[in-house]
Amino acid sequence: MKLKFYNKKITGIISILPKNKVYFKNEMNNYNFSKKQSLKLAKIMGYSSRRVVNEKTSVSDLCVFGLNYLFKKKLIKKDKIDALVLVTQSPDYFLPPTSNVISGKINLRPDVICLDINQGCAGYEVGLIQAFMLLEQKNISKVLVLNADVLSKKVSIKDRNSRPLIGDGATITIVEKSKANEKINAYIKMDGKKYDSLIIPAGGFKQQSNSSTKKLKKDKFGNSRSLEHLLMKGDDIFNFVVTKVPEMLNEIYKDLKIKKEYFDYFFFHQPNKFILEKLANKIEIANSKLPSNIVENFGNGSGITVPLNICFNLGSKATKKEYKVCLGGFGVGLTWSIIVCNIKKLSFCKIIEFKK
Amino acid sequence: MENKIIKILKNTKPNINFSKNKKKLIKESILDSFDIVTIISEIEKEFNISIKANDIAAKNFDSISKIIKLIKKYN
């Protein structure tokens, strides 16, 4: 699906990260592999340190902390918010929607629309598309896209393939109407036939939690996980990313009559260093234009990786200059999406630490 | 070349005797995708090549002879 939006813009981005850092070297002994093997893989994949929440911290805690920071610093006014779009795969509850919980905790007026969207790796793009659609309404002028996940709670401590990758955190992106002649192109595709390439098989309503779904089972390769843990089919994901993302990019170049040189940056989702380097190589983009340093510093936080990537790699520069950017998300669903837009003199673009 | 590949495979999976192993490395679940990632990195270093994304497919790593064929493509 190809979508076009006019006169809308991103005006601020903040990332909220848990203070707690976990280091791969300290976790290696949990895995059923030699130290030498694990260190070799760590170097290739970018396993180093990641940020994770404690057992009690939830998505709403991270988001409320970030929102209160923005109110306190007078970066947004509470009464100017018209909608909250929360994109998460780790809601506080099966019901009610976590966006309603957040709205209640920060005391928003009942007129504010609250939406939860279950999306992951392409969750930033899906959230932005939803925000742009809401902004088509006369009465909606400011939408907050909240991306947040605490998936570290759902990854087996004995799964060397997934555990060292997964980080937690939240981001808040302010999206508003613009008087300038802004044009945004969004491309999005979904392939539900591959829904099980990235999945938590049990614990939902299809296969409810019980003693059997909680039992750890060792796979053929030495990783142990239960049916309530995240399962990633690495080869499916790799082939999907290096096939579908270049195809979509070529479609964009052709449709918009632009070349790759048009973009100042490609801010892509951060599955791991290996996939990103092979992808960058295939689409012939220099590493300096396609940052791949999020996993090694913070872990793969699902839908937060693109806005965190902007905060970490552009930071305050995004408040001073204008950048032509290609925002790309790809993963769970399977879903893949690219948004072509400008990041232009944001009011704020920073990272803060969650403290409780 | 075969000996170098066997050494790389053995470094990744020390418990498997690859010199006698004519089995299907992927189809028989001897290697998983994360093993392949490690093997690719070692091959790239050893043979000074960069394997393209299109070639990173299970079918190219399913046997020692297929791995040799892949490396020869880059030489």
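Predicted model: local features only at pLDDT ≥ 70, side-chain atom pairs only at ≥ 80, totals over all residues.
Two strands pair if DSSP finds at least two bridges between them. Strand E9 (residues 183-190) and strand E16 (residues 335-344) of chain A run antiparallel and are joined by six bridges.

In chain A, five strands form an open sheet with mixed pairing, in the order E1-E9-E16-E15-E14. Its edges are strand E1 (2-6) and strand E14 (265-268) of chain A, each of which pairs on one side only. On average, neighbouring strands here are turned by 20° against each other, direction ignored.

Helices pack on this sheet too. H6(A) touches E9, strand E15 (322-331) and E16 of chain A, and its direction makes about 50° with that of E16(A). Helix H9 (residues 305-313) of chain A lies across E14, E15 and E16 of chain A, running at about 135° to E14(A).

Next, consider a pair of helices in chain A. The axes of helix H3 (residues 59-72) and helix H4 (residues 98-105) of chain A come within 10 Å and cross at roughly 40°. H3(A) and H4(A) are therefore oblique to each other, and the crossing is right-handed. On the H3(A) side the meeting residues are A:Val59, A:Ser60, A:Cys63 and A:Val64, while H4(A) brings A:Thr98, A:Val101, A:Ile102 and A:Lys105. By type, the residues of this contact between H3(A) and H4(A) divide into five nonpolar, two polar and one charged.

Chain B has a helix pair of its own to look at. Helix H1 (residues 2-12) and helix H3 (residues 64-74) of chain B pack at an angle of about 115°, with their axes 10 Å apart. That angle makes H1(B) roughly perpendicular to H3(B), and their crossing is right-handed. The contact is made by B:Glu2, B:Ile5 and B:Ile6 of H1(B) together with B:Ile64, B:Ile67 and B:Ile68 of H3(B). Five of the residues in the contact of H1(B) with H3(B) are nonpolar, none is polar and one is charged.

Finally, let us see how the chains meet. In the model, 18 residues of chain A are in contact with 14 residues of chain B. On the chain A side, the elements giving two or more residues are helix H2 (35-45), helix H6 (234-256) and helix H7 (273-282). The residues on that side of chain A divide into eight nonpolar, five polar and five charged.

Conventions. Residues numbered from 1 in each chain as written. Chains lettered and ligands numbered in written order. Contact = placed C-beta atoms within 7 Å. Helix = DSSP H or I, 4+ residues; strand = E, 2+ residues; numbered from the N terminus. Nonpolar A, V, L, I, M, F, W, Y, C, P; charged D, E, K, R; others polar. Axes fitted to C-alpha atoms, helices over the stretch in contact; angles between N-to-C directions. Parallel < 35°, antiparallel > 145°, perpendicular 65-115°, else oblique. Left-handed = near helix turned anticlockwise from the far one by under 90°.
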